[in-house]
Amino acid sequence: MSERFDCNGFIGEWPFRRFYHGGMEGLQKVWEQAGITAGAVSTLNSVFYNGPMEAEELLAETLKGTSCLHIMGVNPTLPATALSIDEAVERFGIRGVRIYPGYHGYRLDDPCIEGLYKVLKKHDLPLIVSVRLEDLRVNYLMTPRILTEEELKALPERMPDVKILYTAMQAYEVTGMAETFREKENLFVECSWFKSAVHPFEEVMENVPAEKILYGSGYPLNCLQSTMTALEHAAISKEDKAMILSGNAARFFLK
């Protein structure tokens, strides 16, 4: 795996605003500027398409010939989700599954999660949970459900044999769940929303070990360089920075 790996990149359309530098070309351009050579990529189209597999087909075609990992977006409340994941493993070689419970309107203790757990365990696939996508203050056309700390703490116990990555958590939210991150071996977090403090990495790592943190940009919904700059200038060891930038991603995504 590369020395700098983005575990939380997106392509696709966002219905609420225009991306001026989106798509695979835009993502690779900002990666190159930040020294990132590979990443895990999801398509935002899977959040909104009635037929999610159509979005994954487009993503698979886009990722051909790249060093990117295909992360499939699913809505586990829809019928045949498990069969769709089976198909995507066979056709696209997906390397993880992402869910958007805030946008699709279910809790992480909903009965649909049990079926998702079984198929993830079957294929030894990690789960990526989008805690949020955008600041709630700009969601004027729809209001995503806010995930509770209770359900976020409980999910690793409900899926003990699946690696789980929480994305878009703010630094204070991570520190509020520090005990859970320390104790649950299968739980990790990425840093795209570590912007609620002057020294977010230092703040988080006072309570959460570096081994649990992956670098993620959330681009193009988020500015990539802001979190990269914060990490580069953080008063933490070079070894910890290396783990966050790539070492932990290798442990998380490789079977």
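User: Which residues does Met 159 touch, leaving aside those up to four places away in sequence?

Analyst: In this predicted model, Met 159 touches Ile 113, Leu 116, Tyr 117, Leu 120, Leu 127, Ile 164 and Asn 186. Contact here requires heavy atoms within 4.5 Å.

User: What makes the set of residues around Met 159 a nonpolar core?

Analyst: A nonpolar core consists of buried residues of types such as Leu, Met and Tyr, joined through side-chain atoms within 4.5 Å. The largest such core has 65 residues, and Leu 116, Leu 127, Met 159 and Tyr 166 have the most contacts inside it. Helix H6 (residues 112-123) supplies the largest share of this core, six residues. Another core, of 13 residues, lies apart from it and includes Leu 69, Ile 128, Leu 165 and Phe 188.

User: How do you know where the buried residues of H3 lie around the helix axis?

Analyst: Pro 52, Met 53, Ala 55, Glu 56, Leu 59, Ala 60 and Leu 63 are the buried residues in H3. Seen down the helix axis, the buried residues of H3 fall within an arc of 150 degrees, so they line one face. Among the elements they pack against are strand E1 (5-11), helix H1 (23-34) and helix H4 (81-92).

User: How does the reach of H3 compare with the expected value?

Analyst: H3 (residues 52-63) has 12 residues.

User: Why is the space beside Asn 8 and Phe 10 called a cavity?

Analyst: The term applies because a 1.4 Å probe fits there but cannot get out. This largest cavity has a volume of about 50 Å³, and its lining also includes Arg 132, Trp 193 and Asn 222.

How values were computed: Residues are numbered from 1 along each chain as its sequence is written. This is a predicted model: local features need pLDDT of at least 70, side-chain atom pairs count only at pLDDT 80 or more; totals for chains, interfaces and linings use all residues. Side-chain values use heavy atoms; hydrogens and water are left out. Helices (H or I, at least four residues) and strands (E, at least two) are DSSP runs, numbered from the N terminus. The expected span of a helix is 1.5 Å times one less than its number of residues. Buried means under 20% relative accessible area, exposed over 50%, partly exposed in between (1.4 Å probe, protein chains only). The arc is that of the directions from the helix axis to the C-beta atoms. On a 1 Å grid over the protein atoms alone, a cavity is a set of points where a 1.4 Å probe fits but cannot get out, and a pocket is an open set with protein on both sides within 12 Å along at least five of seven lines; lining residues have an atom within 4 Å of a point. Grid points are joined across faces, edges and corners, and a volume is the space filled by probe spheres set on the points.
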